Amino acid sequence: MSKYEDPTQLDYRYGGDTVDDFAQKYMKTVAYIFSALNELRSPTGGTLTQNPEAYQLKVDDNKLYIRNQANTDWILLGDVQENFGFRTSASDAFMHESDVADSGTAGKLIRADASGKLNADILGNAAKIADKAIQMGLDLADEDRLVYDKDTDTITNCPRQFKVDGDKIYARKDATTGWVLLGDLKQNLGFRSSTDDAFLTESDVADNGTAGKLIRADVNGKLNADILGNARKMAGKTFAPEDLQDGQIPVYRTSDGTWHAENKGTVGTGKNLMIMDGDKMLGEYNGDEMKAIDIQKSSLTKALAESTGYGIVSGCEPSISGLTVTVGAGVVHLSDGTRKEMSATNITLNNADGTNPRIDLVYIDSTGAVAKVTGTASATPVVPALPTGGISVCNVTIAANAANGFEWDIRRWNMSGNVEFLFPRTESYEHHGDCELIKTTHKTMMIDAGNVDDANVILEYCIENGIKQIDIFLLTHYHEDHYANIQQFINQSNVDFSKTIWMIPPKTIAESESGYALVKSWLENAKTFEINDNMTFELDRNVLIELYNMSPADQKYHGNDLNNRSVYALVRHGNVKVLYTGDGYGTEHYLYSIGKYEKIDLLKVPHHGVSAEGSGNFYYLKKISPQIALCNLCFEHGVSLNGGDYLSKGGVQTQLAALGCKIGYLMKGNAKYISDGVGLNDCSDVSIYEPQNSFTPTTVDVYVDPATTEKKPDGTQSKPFKTLRHALCAIPDHKNILPVFHLADGTYEYFIYSSGRNNPIRIVGENVTIGTAQFYNFKYVEIGITNFISRDLEFYNTHFKVTKVTINALKDISIRIENSQGYIGNCEYNGSPITYTANTRGILMLASNVCIDRLNIHDTGKALVVKQSSIFSSFSVSAANISTLINVVDAAGGVVQINRWGTMSNVTTYIAGFSKFIDCPSNR
């Protein structure tokens with residue numbers, strides 16, 4: 001800063017400045033001084049010591065200060081005497097651009113580059129590299145390297161891991177281990193022989209055997225190349241291919257764990273391998289294609305046949321035409337124990353005697369051929385003796401001189417004898433727990449083992465009925481009330497289970513796992529057979545057991561429902577059929593899927609006879625129409641266990657009664673039925689039947705809701721059916737049952753029911769739309785829906801009553817009535833019509849008698865078409881935009897009676913065709 005100079009000096013000479021001049025100059029100087037001082041401060045002025053201002057400077061003891069922004073304190077900027085700035089020069093202490101460089105330059109600061117890094121070497125210790133902490137004072141060894149440790153986020157020293165010494169390359173793991181030789185560079189470390197490129201490249205690899213190249217495995221992991229020399233192992237086992245001779249094959253022997261060269265066995269021309277069960281070939285392999293063979297199933301069949309004896313097992317049904325007897329296909333056991341499958345065979349009998357009748361014998365001889373023995377003609381003919389080892393098929397009585405045909409009598413001898421179907425009374429809780437027995441001439445089969453309290457009852461019942469051994473045991477599913485006594489049966493000695501073949505279902509869902517594991521542990525030393533598919537086997541001669549519901553598709557259909565995964569067993573003895581269902585209340589699916597809609601003589605009712613779900617199977621029950629049905633429980637027990645059963649009593653039992661089925665209850669006593677192949681004889685200890693009149697409920701309420709997602713509906717309010725058709729199929733067709741179907745508000749796409757009903761039905765609701773509703777062969781249908789909307793309502797051979805209906809979206813025929821009688825209270829046509837022509841019809845009647853109280857119809861070609869002696873009557877008809885109001889098609893069109901017109905608008909033709917009108921006003 002320049003020195004202050006006085007701008008107004010005094011003139012002290014004589015005659016110079018006076019005192020007044022001095023005063024004037026002095027005052028100007030003082031003002032100038034203060035003005036200069038103020039220029040060093042803020043424009044607001046003030047006193048330096050007494051009233052400093054923000055950002056004001058001062059020097060005190062060679063130190064330069066500045067006043068802070070808040071004007072509360074002095075801030076030291078630096079020491080002037082100690083060179084306040086960067087430079088050492090006293091004349092210029094502050095830093096300039098020339099003091100900064102972009103890289104390491106002597107005496108200059110270094111400017112960071114665009115990445116924030118310094119381009120310079122560092123002397124001394126760097127505490128960080130790449131922003132990672134470096135362990136200071138590292139104990140570095142010769143050839144150590146710095147290594148970043150991710151776990152500690154630090155950089156530390158690490159011994160050198162690779163080195164080249166001469167022509168050799170070495171590696172080591174750490175400082176404590178020595179160097180390990182990896183290869184000799186001079187001897188070509190890599191694949192190539194070239195010293196300038198020792199390593200493998202793509203050009204050194206081929207997809208198949210190519211000279212001098214490696215072979216790449218294909219997508220299956222196999223090499224496409226021939227191999228010279230000997231492969232010493234196959235599947236990890238020692239193999240010496242050089243030992244193979246012409247025609248030999250390698251065979252692995254567990255005795256020494258190696259492959260051996262052995263001769264190939266040849267059975268049959270061009271066949272390499274045949275699998276035999278005795279003299280029966282199960283399968284053959286010719287080296288070209290594989291064939292799966294169920295050895296386990298074959299073993300089951302063989303084990304069953306061992307004690308069957310000889311005779312006709314199944315089939316071989318005889319029929320006769322003229323003098324030719326046809327023996328149908330079937331299975332026989334010959335006298336030497338051989339099992340033979342027979343093809344259909346014809347044999348011709350000798351001509352009739354001219355005087356007397358005779359009886360011929362048709363049989364199967366000891367070699368399996370169909371043969372005959374011609375009887376002796378006599379006034380009292382007798383059956384010829386059966387040759388040794390023969391199996392009788394039938395006797396044929398031939399009338400004397402039977403030129404135009406003959407009288408004949410055919411009698412079968414192929415039955416196994418009688419078959420007993422036994423049902424012991426169970427004692428367990430609420431009489432749950434299934435166990436059934438099938439006793440033939442040579443075999444006894446048990447189905448399920450009952451509940452925990454039933455073992456002694458079942459064993460005693462076996463002894464009482466002469467059963468000393470169980471040959472086959474069938475478990476339907478893994479619920480305790482069906483398998484609980486298996487272990488106890490095995491461990492007792494009164495009835496022999498030591499030779500039993502145990503047929504069990506596989507473990508399929510989580511619910512079956514514990515039961516499966518437990519049963520398998522009990523049967524560890526027994527002969528078991530898992531049922532993985534539907535199958536049929538011969539229990540005895542002419543006694544077939546068909547197992548169903550076990551195919552993968554069946555099991556998948558039932559999801560996680562273990563009851564519905566039960567094995568179903570259909571037993572056939574001649575013409576007699578008995579069906580066992582375990583707990584599978586979804587049995588209608590099984591019958592539908594296998595097409596077995598055939599009449600059943602005796603049904604063991606699904607799920608002990610009390611499941612509400614079982615009541616949904618009426619359609620299936622109607623198809624099989626069992627003569628006898630056996631339940632564990634009766635109504636009183638059924639209701640207590642299954643309060644959701646929507647029928648008034650007993651659920652499925654009510655439906656069986658409606659079909660006229662005889663229903664027995666095992667809680668009342670043991671049941672025993674003996675089959676002779678033609679029918680069943682009831683040999684039970686006591687009567688186990690309920691009177692039919694105990695099954696006569698009147699009104700049955702059934703609920704339907706199109707919005708339901710219930711997977712197992714039963715018709716209750718909590719589990720409604722989704723469609724009216726499903727609900728109808730679930731209800732018995734019995735005159736003493738009046739089903740009332742409660743339809744929830746909503747839209748039902750269509751309803752078509754063509755099976756017919758013998759009992760009346762009632763349909764009620766509030767706001768219901770059914771797109772198409774067709775009723776066929778109903779005794780009586782009453783629709784009492786408050787607001788019923790449809791676009792297609794049809795009745796065929798049906799009596800009906802409709803309280804009110806609104807027809808929306810008119811179509812070709814909106815209401816069709818054929819061979820029916822009925823009443824409609826109010827019929828209203830509404831909504832935008834479909835495009836129509838002059839032939840579009842609103843109501844079509846054929847051979848029917850219908851009364852509509854009030855009909856309001858519009859926008860159609862022909863409003864009412866009457867055919868074939870129909871009678872139509874109405875109290876009031878209103879019409880608009882109609883081509884023809886009434887069209888009588890033929891001379892026998894019928895009678896139309898309208899008490900009064902309602903309102904007419906734009907009706908081209910009122911009446912067309914011939915008709916007789918009653919009480920029709922003349923001013924149409």
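**Figure 1. The largest nonpolar core of this predicted model has 57 residues.** Within this core, the residues that touch the most other members are Phe741, Leu743, Ile763, Phe775, Ile783, Cys827 and Leu855. Another core lies apart from it and is made up of 33 residues, including Ile472, Val567, Ile628 and Ile688. As a general background, nonpolar side chains tend to be buried together in soluble globular proteins.

**Figure 2. Here we look at the surroundings of Cys827, a member of the largest nonpolar core.** Setting aside neighbours within four places in sequence, Cys827 is in contact with Val805, Ile807, Ile815, Ile852, Arg854, Leu855 and Asn856. One of these partners, Leu855, is also listed among the core residues that touch the most other members.

**Figure 3. Arg757 sits in the loop between strands S48 (746-753) and S49 (761-776).** Is this arginine, Arg757, buried or exposed? Arg757 is buried, and its relative accessible area is 3%. Beyond neighbours within four places in sequence, its contacts are Leu728, Ile731, Pro732, Asp733, Pro739, Asn777, Phe778 and Lys779. For orientation, the C-alpha atoms of Arg757 and Phe775 are 9.7 Å apart in space, with 18 residues separating the two in sequence.

**Figure 4. Three strands form an open sheet in the order S10-S11-S12, with antiparallel pairing.** Strands S10 (162-165) and S12 (180-184) stand at the edges with a single partner strand each, so one side of each has no neighbour in the sheet. From one strand to the next, the twist averages 30°. Strand S11 (residues 168-171) runs antiparallel to S12, and four bridges join the pair. Look for Tyr170, which stands opposite Leu181 in S12.

Conventions. Residues numbered from 1 in each chain as written. Predicted model: local features only at pLDDT ≥ 70, side-chain atom pairs only at ≥ 80, totals over all residues. Heavy atoms only, no water. Pairing = 2+ DSSP bridges. Helix = DSSP H or I, 4+ residues; strand = E, 2+ residues; numbered from the N terminus. Axes fitted to C-alpha atoms, helices over the stretch in contact; angles between N-to-C directions. Buried < 20%, exposed > 50% of the residue type's maximum accessible area, 1.4 Å probe, protein only. Contact = heavy atoms within 4.5 Å. Core = buried A, V, L, I, M, F, W, Y, C linked by side-chain atoms within 4.5 Å.
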